[in-house]
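I opened the model today and worked through it one piece at a time. These are my notes, in the order I looked things up.

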Amino acid sequence: MIQPVIGQALADGILTGAIIALGAIGVTFTLGIMRFANFAHSELLTWGGYIALVIVAFAGPGTPTGPLSFGWQLLAAALVAAVLTGLAAWGVDVLVFRRLRRRGAQPLTMVFAAFGAALVMRHLVVLVWGHESRFYTRELQMAVELVPSVRVLPDQIFILGLALTVMVALQAFLTRSRTGMAMRAMAESPALAQVCGIEVEAVVRLTWIISGALAAFAGVFIGLTPQLHPEIGFNLLLSLFAAAILGGTGSLTGAVVGGFLVGLAENLSLLVISPGYKGAMPFLLLLVILIVRPQGIFGERS
Amino acid sequence: MSRLEVSELVAGYIRGLPVVHGVSIEVARREIVTLIGPNGAGKSTVLKAIAGLVSREGGHVRLAGRDVTALPAHEVVSAGIGFVPQTGNVFTTLTVQENLKVGAHVIRGSLHERLERAYALFSPLAARRHLRARTLSGGERQMLAIARALMTDPAVLMLDEPTAGLAPRVVDEVFRQLRGLAETGIAVLMVEQNAKAALRASDRGYVLTEGRNRVAGSARELLDDPAVAEAFLGGRRLSARPAG
């Protein structure tokens, strides 16, 4: 019976991995372009999830479409939440990080500021919505059996497809568009980017907006499978950083691969150790990668 | 009218602590001008100040009569000043072609013609256009850095130590390229440690010390001036490396 169980763990790992990857992309962008570890990033996932909840509260989750538990309204809510969370991420930058940047703050100062911002952001959510879990929809869904003994919800397959689409679109943006190339240039050398006529603050703003938007998608996806609570982001914080560092900071491909590896490692670990230790898996992966390949899988040695 | 006119420039890395204390420079079209002087004379800082990369606290920078002193770095590029920094002057994680495209960031519209022109001017880059810049040799990187700065058709091209670390044969090649560029009408301003070779390739030169103008003249005059030769061109007493 061990094979089917592995199959289920793989499926769960891939689904968790997609969500971690979406969040880790923002972490790796802030590490690569703003050059600090933004521990408030996980709260953007929570904000995205709750912003979509507000929209769903007004518009409804829509009538279930096909095998899915929701209709187009929830997708529209996710899109609006992505835009608003992107703007919120930029807002936090204007209120907190930009001021510090202009004073020439050290990366460590930025990290502490990020912790502070994270606390404020998380408790704003608690203040407004309280601690209890929230649901976008109360529709019950039947899991489908993909292969014998591997069951997934149609919502999960849909989410995986959407997450992969977003990642492919982002990759195309970074490699083909003028603005995307400016972001990659900034990630390598802000000084040289300036010499090329790139407006550094414009790239920083765009980076926050993209990171926030992806975080919102991740937050909505968590809320769909199956619920929202104020700690959804915080609980993923270490997985996000593990994924970003594992993949190599600044690398989109790295964050995506790192996200899937962390998701798989967490879920596969359940086969051999007690669920209580699941949270340690990202650390173990981090330790291994830092010893074997400190710059991460796709990182460039500087 | 000079293409680039710098008057009484005061600039530095930290506001209130300038390292350039009133430098004046002029560069005309088709002219190559070199700044020389000891380490710490503020030569590189002058270039960075013109490029808008360090804080400018006094004086003026004019480009064909237009005051560009207060422009932020990215607008200096659009105004027509190209800059090749000394180190880290190519994006090693990007391909050759991506480097050139990023160099043309301020240009809207098709880059096809500009790219082909760059490859025609620096033919070794053409074969390597889809390779990462980190795979290039030192000389090729310098070519890419110059080609990158030329993507915007600058009126003025500034180079910080363009020959540092290059083999002597490549040094000659770089200077030959710069002369070719000047002949197309560009005003070239460079800083060089390798002062003698640079002056030989230049029309005029300025000697800076302690952030101020010290001597100015045609390249020939500076090369023939015994005091300049003694102090700044690798004369026996102060030479850091053998005169070349």
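Entry 1: I began with L35(B), and found its bridge partner in strand 8 of chain B to be V191(B). Before going on, a note on the ground rules: this is a predicted model, where local features need pLDDT of at least 70, side-chain atom pairs count only at pLDDT 80 or more, and totals for chains, interfaces and linings use all residues. Residues are numbered from 1 along each chain as its sequence is written, while chains are lettered from A and ligands numbered from 1 in the order in which they are written.

My strands (E, at least two residues) and helices (H or I, at least four) are DSSP runs, numbered from the N terminus. I call two strands paired if DSSP finds at least two bridges between them.

Strand 3 (residues 32-36) and strand 8 of chain B run parallel and are joined by four bridges. With strand 9 (residues 204-209) of chain B, strand 3 also pairs in the parallel sense, over four bridges. There I36(B) sits opposite V207(B).

Is strand 3 of chain B buried or exposed? Five of its five residues are buried, so the strand is largely enclosed by the rest of the structure.

Entry 2: What is the strand order in chain B's open sheet of six strands? I read 6-7-8-3-9-10, with mixed pairing. Strand 6 (81-84) and strand 10 (212-218) of chain B have a single partner strand each, so they stand at the edges with one side lacking a neighbour in the sheet. From one strand to the next, the twist averages 15 degrees.

Strand 7 (residues 156-160) and strand 8 (residues 187-191) of chain B are parallel partners with five bridges. I noted L157(B) opposite V188(B).

**Entry 3: helix 6 of chain B.** This helix (residues 138-150) lies across strands 6 and 7 of chain B, at about 165 degrees to strand 6. Such angles run from 0 to 180 degrees between N-to-C directions, with axes fitted to C-alpha atoms, for helices over the stretch in contact. I picked out R141(B) in this helix. It counts as buried because it has 20 C-beta neighbours inside 10 Å. Leaving out residues up to four places away in sequence, R141(B) touches V90(B), A133(B) and L136(B), where contact means C-beta atoms, placed from the backbone, within 7 Å. V90(B) and R141(B) are 51 residues apart in sequence, yet their C-alpha atoms are 6.8 Å apart.

**Entry 4: strands 1, 4 and 5 of chain B.** Strand 1 (residues 4-12) and strand 4 (residues 55-63) of chain B run antiparallel, with seven bridges. R62(B) in strand 4 partners E5(B), and its bridge partner in strand 5 is D67(B). Strands 4 and 5 of chain B make a hairpin with two residues between them, and A64(B) in the turn has a positive phi of about 50 degrees.

**Entry 5: where the chains meet.** I get 21 residues from chain B and 15 residues from chain A in the contact. On the chain B side, helix 2 (73-79) and helix 3 (96-103) each supply at least two residues.

Helix 3 of chain B has six of its eight residues buried, so the rest of the structure largely encloses it. Those buried residues pack against helix 6 (178-188) of chain A, and against helices 4 (112-121), 5 (123-127) and 6 of chain B.

**Entry 6: helices 9 and 11 of chain A.** The axes of helix 9 (residues 232-247) and helix 11 (residues 281-292) of chain A come within 9 Å and cross at roughly 20 degrees. That makes the two roughly parallel (under 35 degrees; over 145 is roughly antiparallel, 65 to 115 roughly perpendicular, and the rest oblique). Among the residues of helix 9 that meet helix 11 of chain A are L238(A) and A242(A).

Key:
Two residues are in contact if their C-beta atoms, placed from the backbone, lie within 7 Å. A residue is buried if 20 or more other C-beta atoms lie within 10 Å of its own, exposed if 12 or fewer, and partly exposed in between; C-beta atoms are placed from the backbone.
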